[in-house]
Amino acid sequence: MPTIAVVGCGIAGDEAAFAARRADPTARVVVFTAEPDPLISPCVLADYVAGEIPRERTVLRRPGEYARAGIELRLNDPVREWDPDRRELITDSGRFAFDRVVFATGSRAAFPDLPGVDLPGVLSLRTLGDADRMRRAPAGRAVVVGTGLVGVEAAWALRERGWDVTLVGRRHRVLPRLFDEPIAGRLAEALERMGIRLVLGESPVEVLGTGRSERLRTSRSTYPADLVVFGAGQRPQAELAAAGGVPLGPSGGIATDPTMATGLEGAYACGDCAETVDRLTGRRGVFMLWNNARLQGRVAGRAAAGAPARFPGSLGVSTVHAGDRAAASVGLPAAEHRDGSADLDHQVTPDGEITLVIRNGRVVGAQALGNTARLGGLLGAVLRHVQAEPLVRNPPAWAVRLRALRAAGRLKG
Ligand SMILES: Cc1cc2nc3c(=O)[nH]c(=O)nc-3n(C[C@H](O)[C@H](O)[C@H](O)COP(=O)(O)OP(=O)(O)OC[C@H]3O[C@@H](n4cnc5c(N)ncnc54)[C@H](O)[C@@H]3O)c2cc1C
């Protein structure tokens, strides 16, 4: 009967624990978490801040569910250190011996090294505690830094709560790692329609204030800011594993193989803290998305329990709501292929817009606005790197319908 210790109870640790117990019902599985609650979903924190869901809907499991599955859950019990030779974890409640360990320690918000970032009133949107602080703050003037997924969601949520919101981005597109123009432009318009002030092409320089945040100075201007939210990036939390000799990859995440095993025998890693291979490009990196973390957790848990398991690679598939517009993306935008090797084909359809990212004549990415379900079909094309030309030359059904509507005079443009 092996003892499997899981460090962290986000979606990766949660999946790993349940998968280990399913694979070996005799295994003792113990999950340590620094949090007062078990699994929460960061993906719905913005909905909670906006008031669209109650706080309890952010918590996805109750402690009783772990007990019923035979999993021991140690809430509020962060692992401080570990001894890889004796195979022991060290927490405030004592030492704990294990046979195998799964690191599922997630990621944390990356704050830039700037004057004033330690002032009260400066935060990110990463934990339930961050979301609680945003909910408690009386509406005023907020500056959100970062136009990626977290920045856009935080800006939307604060605006919904009645804040005056300025969204600042270094790049000249919103959601630059997900969308090319023109879809990025449509999402920017949707944010502006909500009343969010968009400031692109500026970088934060300093948070100013006496005793708390009052203004944010950027490379071009200064904006009033009772609240500054940094939503510009996450870093893998890999320090604990690394302190015991687990090798990290160039991305700073814990290097893993397809069974989510690390370079140290008996130690596995999964989720935002783990470096894996991108299924589309074959490049190694950290891919901080829910579904990647979930699948990696399942593989790590099975492998730690001695069952066969293989992770096929991470996928960059994201969906986003910006005001009244929904959009989805898979793979890198053409503009992010820095060698200029990618091109794009954009089609307007009766129910939205589709962009195909094409490289060497093959589809390597796709973006959808409006009917995001279309991306499901295109995902197969992207995964198989199908030839782009037939898709562009013989437009699929939606484009044919569009031409018919145009011919019938029911659509302009
Ligand atoms: C605002 C926001 C919105 C997002 N929206 C989306 C989305 O729409 N779609 C999507 O795919 N992804 C989204 N993501 C990303 C997604 O939430 C993450 O990829 C996913 O939650 C990662 O899960 P994880 O288990 O690896 O890490 P985490 O959720 O970070 O969990 C790690 C856990 O480990 C605990 N821990 C860390 N160190 C220790 C220790 N030493 N001892 C004990 N416990 C420890 C932490 O307290 C934490 O509870 C979003 C993220 C954020 C922040």
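Which residues of α1 are buried? In this predicted model, for which local features need pLDDT of at least 70, side-chain atom pairs count only at pLDDT 80 or more, and totals for chains, interfaces and linings use all residues, the buried residues of α1 are Ile11, Ala12, Gly13, Asp14, Glu15, Ala16, Ala17, Phe18, Ala19, Ala20 and Arg21. Residues are numbered from 1 along each chain as its sequence is written. A residue is termed buried if 20 or more other C-beta atoms lie within 10 Å of its own, exposed if 12 or fewer, and partly exposed in between, with C-beta atoms placed from the backbone. Helices (H or I, at least four residues) and strands (E, at least two) are DSSP runs numbered from the N terminus.

Helix α1 is thus mostly covered, with 11 of its 13 residues buried. The cover over these buried residues includes β1, β2 (28-32), β3, β7 and α8, where contact requires C-beta atoms, placed from the backbone, to lie within 7 Å. The end C-alpha atoms of α1 are 18 Å apart, which agrees with the 18 Å that 13 residues should span at 1.5 Å a residue; the expected span is 1.5 Å times one less than the number of residues.

Helix α8 was examined in the same terms. Of its 15 residues, 12 are buried, so α8 is largely enclosed by the rest of the structure. The buried residues are Asn292, Ala293, Leu295, Gln296, Gly297, Arg298, Val299, Ala300, Gly301, Arg302, Ala303 and Ala304. Among the elements that cover them are β1 (3-7), α1, β7 (100-103), β19 (267-269) and β20 (274-277). Just after α8, glycine 306 takes a positive phi of about 90°.

The chain is divided into domain 1 (3-43 + 52-107 + 235-304), domain 2 (122-230) and domain 3 (331-407), with bounds that come from an automatic or database domain assignment. The C-alpha centres of domain 1 and domain 2 lie 31 Å apart. Both of these domains give residues to the shell around the ligand, so the ligand lies between them.

The ligand is surrounded by 36 residues, of which the closest are Gly8, Gly10, Ala12, Gly106 and Gly271; a residue is near the ligand if its C-beta atom, placed from the backbone, lies within 6 Å of it. The elements that give two or more residues to this shell are α1 (11-23), α2 (45-50), α5 (149-160) and α8 (290-304). By residue class, the shell divides into 21 nonpolar, 11 polar and 4 charged residues. Here Ala, Val, Leu, Ile, Met, Phe, Trp, Tyr, Cys and Pro count as nonpolar, Asp, Glu, Lys and Arg as charged, and the others, Gly among them, as polar.

In helix α6 (residues 183-193), Ile183, Ala184, Leu187, Ala188, Ala190 and Leu191 are buried. Seen down the axis of α6, these residues fall within an arc of 160°, so they line one face of the helix; the arc is that of the directions from the helix axis to the C-beta atoms. An α-helix has 3.6 residues a turn, so residues three or four places apart point the same way. The loop between β11 and α6 contains proline 182, which is joined to glutamate 181 by a cis peptide bond with omega of about 10°. Arginine 170 also lies in the loop between β11 (164-169) and α6 and is partly exposed, with 16 other C-beta atoms within 10 Å. Glycine 195, which follows α6, has a positive phi near 100°. Arginine 170 and glycine 195 are 25 residues apart in sequence and 20 Å apart in space, C-alpha to C-alpha.

Further loop positions were also examined. Asparagine 76, in the loop between β3 (71-74) and β4, has a positive phi of about 50° although it is not a glycine. This asparagine 76 counts as partly exposed, with 13 C-beta neighbours inside 10 Å. Asparagine 360, likewise not a glycine, has a positive phi of about 50° and lies in the loop between β25 (352-359) and β26 (362-370). With 11 other C-beta atoms within 10 Å, asparagine 360 is exposed. Arginine 86, in the loop between β4 (79-83) and β5 (88-91), counts as exposed, with 9 C-beta neighbours inside 10 Å.

How values were computed:
Contact = placed C-beta atoms within 7 Å.
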